[in-house]
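Colleague: Could you take me through this model, beginning with the contacts between side chains and then turning to the chain as a whole?

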Amino acid sequence: MYQEVRNLARTVDRIELKLDEVITATKDIRGDVADHEARLRTLEGTVWRAAGGAAVLGAGAGVLGWPA
């Protein structure tokens, strides 16, 4: 009986170690996801500003090119 309890204790220790590793890896992944999310938001903002600028330039060119 004592040996079974000792084996169970070792098993629980191994499980705790693995859980700690998983928790650490998860924290790293969350940081990476947050970084990627920030980069995507910046890129999307740049694309929208470029699209707006192109629309303004297109409208300006249309007005200047319209026969008077």
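Modeller: Arg41 and Glu37 lie 4 residues apart in helix α1, so about one helical turn separates them. This is a predicted model, and the distances discussed below are computed from it.

Colleague: What N to O distance is found where the side chains of Arg41 and Glu37 meet?

Modeller: A salt bridge requires a side-chain nitrogen of Lys or Arg within 4 Å of a carboxyl oxygen of Asp or Glu. The side chains of Arg41 and Glu37 meet in such a salt bridge, with an N to O distance of 3.2 Å.

Colleague: Is Glu37 exposed or partly exposed?

Modeller: Exposed means over 50% relative accessible area and buried means under 20%, with partly exposed in between. Arg41 has a relative accessible area of 56% and is therefore exposed. Glu37 has 37% relative accessibility, so it counts as partly exposed.

Colleague: Which residues form the positive surface patch, and is Lys18 buried or exposed?

Modeller: The positive surface patch is formed by Arg6, Arg10, Arg14 and Lys18. Lys18 belongs to helix α1, which covers residues 2-65. Because its relative accessibility is 55%, Lys18 counts as exposed.

Colleague: Which residues form the negative surface patch?

Modeller: Glu16, one of its members, is placed in helix α1 and counts as partly exposed at 44% relative accessibility. The negative surface patch as a whole is formed by Asp13, Glu16, Asp20 and Glu21.

Colleague: How far apart do the centres of the positive and negative side chains lie?

Modeller: The chain has 9 positive and 10 negative side chains. The centres of these two sets lie 0 Å apart.

Colleague: What is the radius of gyration of the chain?

Modeller: The secondary structure comes to 1 helix and 0 strands. The globule rule gives 11 Å for 68 residues, and the chain is well over that value, so it is more spread out than a compact globule. Its C-alpha trace spans about 100 × 15 × 5 Å along the principal axes, and 0% of the 68 residues count as buried. The radius of gyration of the chain is 29 Å.

Methods:
Residues numbered from 1 in each chain as written. Predicted model: local features only at pLDDT ≥ 70, side-chain atom pairs only at ≥ 80, totals over all residues. Heavy atoms only, no water. Helix = DSSP H or I, 4+ residues; strand = E, 2+ residues; numbered from the N terminus. Rg over C-alpha atoms; globule rule 2.2 N^0.38 Å. Buried < 20%, exposed > 50% of the residue type's maximum accessible area, 1.4 Å probe, protein only. Lys, Arg positive; Asp, Glu negative; His and termini not counted. Charge placed at Lys NZ, Arg CZ, Asp CG, Glu CD. Patch = residues over 30% accessible without salt bridge, like charges linked within 9 Å, V, L, I, M, F, W, Y side chains within 5 Å. Areas by Shrake-Rupley, 256 points an atom, 1.4 Å probe, with all protein chains shown as cover.
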